[in-house]
Amino acid sequence: MKKSIITSILILVGATALAQKDDMTKTFDANFAHVVYFWFNDPDDEKGRDRFEASLKKFLDNSKFAKTNFIGEPPKAVRDVVDDSFTYNLIVTFESAEAEEGYQEEAGHLAFIEECKDLWKKVIVYDALGVAP
């Protein structure tokens, strides 16, 4: 009986912990996507890459507007239609185009650009509104 009660308590505690973690997880917002590609002056500059990643993560972690984000590097392309020439890719989602506009003016976004703009030679941005299901 005692073993049964302890097992039940452990299951309940584990389920509660998982539920709390799910509540804290940000969900992809299909309303507005902001996709950015960066081409570095020197893609092999490890110190520059470290500075870029630290500055970008600091900004995104503190953004009031970004719902979700993804920072990526290109995999080695195996098909001709895949462009692997960029250094970094950023995908950020927002609840609206207005939220994305707020993101553009955030102090953290402006600081990130100022801290890292010397690293890149080219940046391309693709913004997209979600298509209703």
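**Entry 1: ground rules.** I call a residue buried when its relative accessible area is under 20% and exposed when it is over 50%, with partly exposed in between. I also kept in mind that this is a predicted model.

**Entry 2: the overall layout.** I counted four helices and four strands in the chain. Reading from the N terminus, I wrote down the order α-β-α-β-β-α-α-β. The chain has 133 residues, and 29% of them are buried. I then looked at contacts between residues at least 6 apart in sequence, and found that 78% of these join residues at least 24 apart.

**Entry 3: helix α2.** I picked α2, which covers residues 46-62. Its 17 residues reach 24 Å from the first C-alpha to the last, close to the 24 Å expected. At its start, I found a side-chain oxygen of D45 within 3.2 Å of the backbone nitrogen of K47.

Which residues of α2 are buried? I listed G48, R49, F52, S55, L56, F59 and L60. They sit on the same side of α2, because they cover an arc of only 140° around the axis. On the face turned away from that buried side, I noted the exposed residues E46, K47, K58, D61 and N62.

Next I asked what the buried residues of α2 pack against. My list has the strands β1 (32-40), β2 (68-72), β3 (88-94) and β4 (120-129), along with the helices α3 (97-105) and α4 (107-116).

**Entry 4: from F59 to A107.** I followed F59, one of the buried residues of α2, across to A107, a residue of helix α4. The two are 48 residues apart in sequence, yet their C-alpha atoms are 8.7 Å apart in space. Is A107 buried or exposed? It counts as exposed, because its relative accessibility is 62% and the cut-off for exposed is over 50%.

**Entry 5: the sheet.** I traced the four strands as an open sheet, in the order β2-β3-β1-β4, with antiparallel pairing. The edges are β2 and β4; each has a single partner strand, so one side of each is left without a neighbour in the sheet. On average, neighbouring strands are turned by 10° against each other, direction ignored.

I went through the pairs and noted a bridge from each:
- β1 and β4 pair over nine bridges, and V35 has Y126 of β4 as its bridge partner.
- β1 and β3 are joined by seven bridges, with H34 partnered by V92 of β3.

Six of its seven residues are buried, so β3 is largely enclosed by the rest of the structure.

**Entry 6: H34.** I finished with H34, which lies in strand β1. H34 counts as buried because its relative accessibility is 4%, and the cut-off for buried is under 20%. What does the side chain of H34 make a polar contact with? I found the side chain of E100, at 3.3 Å.

Leaving out residues up to four places away in sequence, I listed what H34 touches: L90, I91, V92, F94, E100, Y103, Q104, V125, Y126 and D127. Two names in that list were already in my notes: V92 is the bridge partner of H34 in β3, and Y126 is the bridge partner of V35 in β4.

Conventions: Residues are numbered from 1 along each chain as its sequence is written. This is a predicted model: local features need pLDDT of at least 70, side-chain atom pairs count only at pLDDT 80 or more; totals for chains, interfaces and linings use all residues. Side-chain values use heavy atoms; hydrogens and water are left out. The expected span of a helix is 1.5 Å times one less than its number of residues. Buried means under 20% relative accessible area, exposed over 50%, partly exposed in between (1.4 Å probe, protein chains only). The arc is that of the directions from the helix axis to the C-beta atoms. Contact means heavy atoms within 4.5 Å. A polar contact is a pair of N or O atoms within 3.5 Å; within protein, one must be able to donate a hydrogen and the other to accept it, and residues adjacent in sequence count only if both atoms are side-chain atoms. Two strands pair if DSSP finds at least two bridges between them. Axes are lines fitted to C-alpha atoms, for helices over the stretch in contact, and angles run from 0 to 180 degrees between N-to-C directions.
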